[in-house]
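Work through the exercises below with the sequence and the model open. Try each task before you read its solution.

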Amino acid sequence: MLTLDKVYHAAYILKECARKTDLIAASRLSENLYLKTENLQVTGSFKLRGAYYKISQLSNEEKSRGIVACSAGNHAQGVALAASRKNINATICMPDSAPVMKVESTKKLGANVELVKGAYDDAHDRAVQLVNETGATFIHPYDDDCVIAGQATIGLEILDQLENVEVVIVPIGGGGLISGVAFAIKSLKPDVKIYGVQASGAPSMYNSFKDHERKSLESVSTFADGIAVKNPGENTFEIISKYVDDIVCVSEDEIAAAILALIEKQKLIAEGAGAVPVAAAMFHKLPIENKKTVCIISGGNIDVNILSRVITRGLVMTGRNVNLTIELVDKPGQLQDVSRIIAECGANVVSVYYDRGDTNMAINSCFLKLALETRNAEQINLIKSELQKAGFRIVTERV
């Protein structure tokens, strides 16, 4: 059973390997907002806590048979590090879509990695098969009391680090993190609100919570691979149903905007799963105004190969990039007039393309396609308004 004694014991054991991560004020993002920086944890994620505590509690016989785990990446690294510290043979099944960085980091920590076609849940099925074939011990990434107790130590730290905390916002995949945090905080300070956040493309726990029964998804679609889970946990669903106040979802664009905001304003790198609490706060998904609020930045292991695309999406979402197509009469001076208007509005043109061959335009016209760097959506609207006042027709606006 999950008890406070077990959580405190986990906190004691984790002094061997886990960092008490900083809780920092994030006034550049929002007043009364604080960030629990688990992205700066050893291995770059909170997952080390639960994995290490679970493995530390295995018997010598269980250790001798080896361990098997499944993970999209962060749990894998936590298991691999713990196994190497305890001299235990570890095999970890990971979906073949897992970021290359997470796969390679897991291998460097000494674990055997088996890539499985599909999503996290397919890797889970393969891991269970290996356990049945080899007799190894399965280290579940979230649906295990020892794992949950390890994650719960974050809740203890938040209560110790922020006096009179009122709200804690937590990412949800399978539910291990929010189960532990909610249990620890509600057991010690029941008035604190605990909110969960999922990606709208992977809302398994959201659906289960709203319908009061566990519900699985046929598929998931989100770049937040750390929370791309089709099947919510049994134990975690029960704990969440008892201790969590509400769950909301955020879109891919909102997650990207949150990652960008953390980079620009807080100088922090968060992966998609780690940024969803900030996305929920930024886009007013929860009633947190004027309340001391903590967002748990659960991990920072984002694949650098997609980081530039995520930043671009974040720029578009916040009105920092826009592409305009303007219909021009093909005569001298048109481009000069357009350039003058854009310059007077304070935007920057980064690319220009003339299209004279579109069959949708008049013979004596052309399409001017511009890519602009802008400050925000208000500036985009000003540019469009000024162009239209000058007689130019905007054909399309796209990202």
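**Exercise 1.** Sort the lining of the largest pocket by residue class.

*Solution.* Start with the classes. Ala, Val, Leu, Ile, Met, Phe, Trp, Tyr, Cys and Pro count as nonpolar; Asp, Glu, Lys and Arg are charged; the others, Gly among them, are polar. The lining then splits into 10 nonpolar, 6 polar and 7 charged residues. The model is a predicted one: local features need pLDDT of at least 70, side-chain atom pairs count only at pLDDT 80 or more, and totals for chains, interfaces and linings use all residues. Residues are numbered from 1 along each chain as its sequence is written, and side-chain values use heavy atoms, without hydrogens or water.

**Exercise 2.** Locate the largest pocket and state its volume.

*Solution.* A pocket is an open set of points on a 1 Å grid over the protein atoms alone, where a 1.4 Å probe fits, with protein on both sides within 12 Å along at least five of seven lines; lining residues have an atom within 4 Å of a point. Volume is the space filled by probe spheres set on the points, which are joined across faces, edges and corners. Here that is about 450 Å³. The lining has 23 residues, and Leu29, Ser30, Ala281, Met282 and His284 lie nearest the centre. Two or more lining residues come from each of α11 (252–266) and α12 (272–282). Helices here are DSSP runs (H or I, at least four residues) and strands are too (E, at least two), numbered from the N terminus. The top contributor is α11, with 5 residues.

**Exercise 3.** Describe the second largest pocket.

*Solution.* Its volume is about 260 Å³. It has 16 lining residues; nearest its centre lie Ser97, Ala98, Thr222, Asp225 and Ala228. By class, 11 are nonpolar, 3 polar and 2 charged.

**Exercise 4.** Is Thr106 buried or exposed?

*Solution.* Find Thr106 in helix α5 (residues 100–108). Its relative accessible area is 0%, so Thr106 is buried (under 20%; exposed is over 50%, partly exposed in between; 1.4 Å probe, protein chains only). Now list its contacts (heavy atoms within 4.5 Å). Beyond neighbours within four places in sequence, Thr106 touches Gly73, Ala76, Gln77, Ala80, Ile92, Met94, Ala111 and Val113.

**Exercise 5.** Give the strand order of the open sheet of 4 strands.

*Solution.* The order is β5-β4-β3-β6, with parallel pairing. Two strands pair if DSSP finds at least two bridges between them. The edges are β5 (112–116) and β6 (137–139), each pairing on one side only. Within it, Cys93 stands opposite Glu114 in β5.
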